[in-house]
Amino acid sequence: MKSYNKSKLLFNEALRHISGGVNSPVRAFKAVGGDPIYMERGEGAYISDVDGNKYLDFCCSWGPLILGHAHPVIVEAIKKTAVRGTSFGTVHEAEILVAKKIKSFCPHIDLLRFVSSGTEAVMAALRLARAFTGRDKIIKFSGCYHGHSDYLLASAGSGLATLGIPSSAGVPEKFTKETIVLSLDAPDQVEAAFAEFGGDIAAVIIEPIPANNGLLLQSKEYLQYLRDITTKFHSLLIFDEVISGFRVRPGGAVEYYGVIPDLCTYGKVVGGGLPVGAFGGRVDIMKHLAPDGNVYQAGTLSGNPLALACGLATLEYLEQNDAWKELESKTARFCDKMRSSIFDVPVNIVNIGSIFWINMQRETAARAEQIGPEVKDRFAVLFHKALESGIYLSPSAYEVGFISTAHTEEDLGDTADRLAGIIVNNI
Ligand code: PMP
């Protein structure tokens, strides 16, 4: 049995100083039980905790670490940049370099803005969409997460006539009543919402690869349908590519599915492990941002030189090594290996690009509502057995796993066998 004594001591101390002991709720292990583990080192595909335990890491900081931990090109980029100053609060050249690199991957983007998180990117994109259309309502989908801004912390009301209800205390109902929450993969619901509110809908926002409530893959036809109906009603289509951007393809889900939104939001991979978010899209929309336009958006550390240096190093490395194909094929082999060993167990495995999800039920899911409550306890068993066996999965049944360029075939083959063994023997 692994010992977690030092982690436990640290967590008890943290509880006295940091609310809930954590700086983001899912880090607290509430969904799987037990106390969080204090990590102190990351190297390639592995992380080590303060008690000396080592794990193959499938959380990868929730997605940004597509090159694994402490990749030499990232460490070098940080060193080279830091000695010249960590922040100026002025314009600097790396902003242009990263913007040009993103545009070379994403021809649907004319202009960009950098911010410091995915939440900020989405907040700004929505404000812009509302200003551009002169409308207030937003359609979002149940199971898609777009950060913790007030308007988007909305749950579905019962029926379309009741609009979104706050899913967090402290969010006024007045704010979420402009947010319509629909099921994914249900064109009839979108049709009905546009029939009722069409002229008031500023934008439809979706994770084109929904990866925050399991991995709820949507069809190209459905995404194209969203494109068509938003065009018809002069609403904007916003793809939240905070997870999928630069991960599934250089051009993210837009390239994967060939459906072109009006605006896109990015985060995670684009910062290579440092805090970066971005949003961008059509010039006629983006030009409404201050200082040229009347939509206010700002940030003291936006486009931070250190963070953008890491983003650029990540994107250049991925491009120079044509890493996306290899990431995708090794993720597929890893998932196929697990699937072939667990075929008669009520678990199914979903993958796209270098993202995978172990869905702890037999039924597949394209909507959040299709995931049964039993997955939670089943996953908690898998999570703790995996941990004991040196495998770090993100601590919730609804979180996906990420594979980096640092995960080797050997790591993955062996881990697929061990995870399948745990599933077959315990689930
Ligand atoms: N959008 C999506 C699709 C996300 O996955 C996340 C974070 N998981 C966010 C927005 C918010 O990003 P951040 O945590 O950087 O604010």
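This is a predicted model: local features need pLDDT of at least 70, side-chain atom pairs count only at pLDDT 80 or more; totals for chains, interfaces and linings use all residues.
Buried means under 20% relative accessible area, exposed means over 50%, and partly exposed covers what falls in between (1.4 Å probe, protein chains only). Residues are numbered from 1 along each chain as its sequence is written, and side-chain values use heavy atoms, with hydrogens and water left out.

On to the ligand. Its surroundings (residues with a heavy atom within 4 Å of it) consist of Ser-117, Gly-118, Thr-119, Tyr-145, His-146, Gly-147, Glu-207, Asn-212, Asp-240, Val-242, Ile-243 and Lys-268. Sorted by class, that shell has 3 nonpolar, 6 polar and 3 charged residues; here Ala, Val, Leu, Ile, Met, Phe, Trp, Tyr, Cys and Pro count as nonpolar, Asp, Glu, Lys and Arg as charged, and the others, Gly among them, as polar. Polar contacts are pairs of N or O atoms within 3.5 Å. A polar backbone atom of Gly-118 is 2.9 Å from a ligand oxygen, and an N or O atom in the side chain of Asn-212 is 2.8 Å from an oxygen of the ligand. Lys-268 places a polar side-chain atom 3.0 Å from a ligand nitrogen. Taken alone, the ligand exposes 390 Å², and the protein buries 81% of that (Shrake-Rupley areas, 1.4 Å probe).

Next, the aromatics. The structure holds 14 aromatic pairs, meaning Phe, Tyr or Trp rings (six-membered ring for Trp) with centres within 6.5 Å; planes under 30 degrees apart are stacked, over 60 edge-to-face, and the rest tilted. One of them, Phe-58 with Phe-356, is edge-to-face, at 5.4 Å centre to centre and 90° between the planes. Phe-58 sits in the loop between β3 (54-57) and α2 (72-82) and Phe-356 in strand β14 (residues 355-359), 298 residues apart; helices (H or I, at least four residues) and strands (E, at least two) are DSSP runs numbered from the N terminus. Both Phe-58 and Phe-356 are buried.

Tyr-151 and Phe-175 are stacked instead, with 5.6 Å between centres and 25° between planes. Tyr-151 lies in the loop between β5 (137-141) and β6 (154-155) and Phe-175 in helix α5 (residues 173-176), so this pair ties together parts 24 residues apart in sequence. Tyr-151 is partly exposed, at 34% relative accessible area, and Phe-175 is partly exposed too, at 30%.

Terms used:
A polar contact is a pair of N or O atoms within 3.5 Å; within protein, one must be able to donate a hydrogen and the other to accept it, and residues adjacent in sequence count only if both atoms are side-chain atoms.
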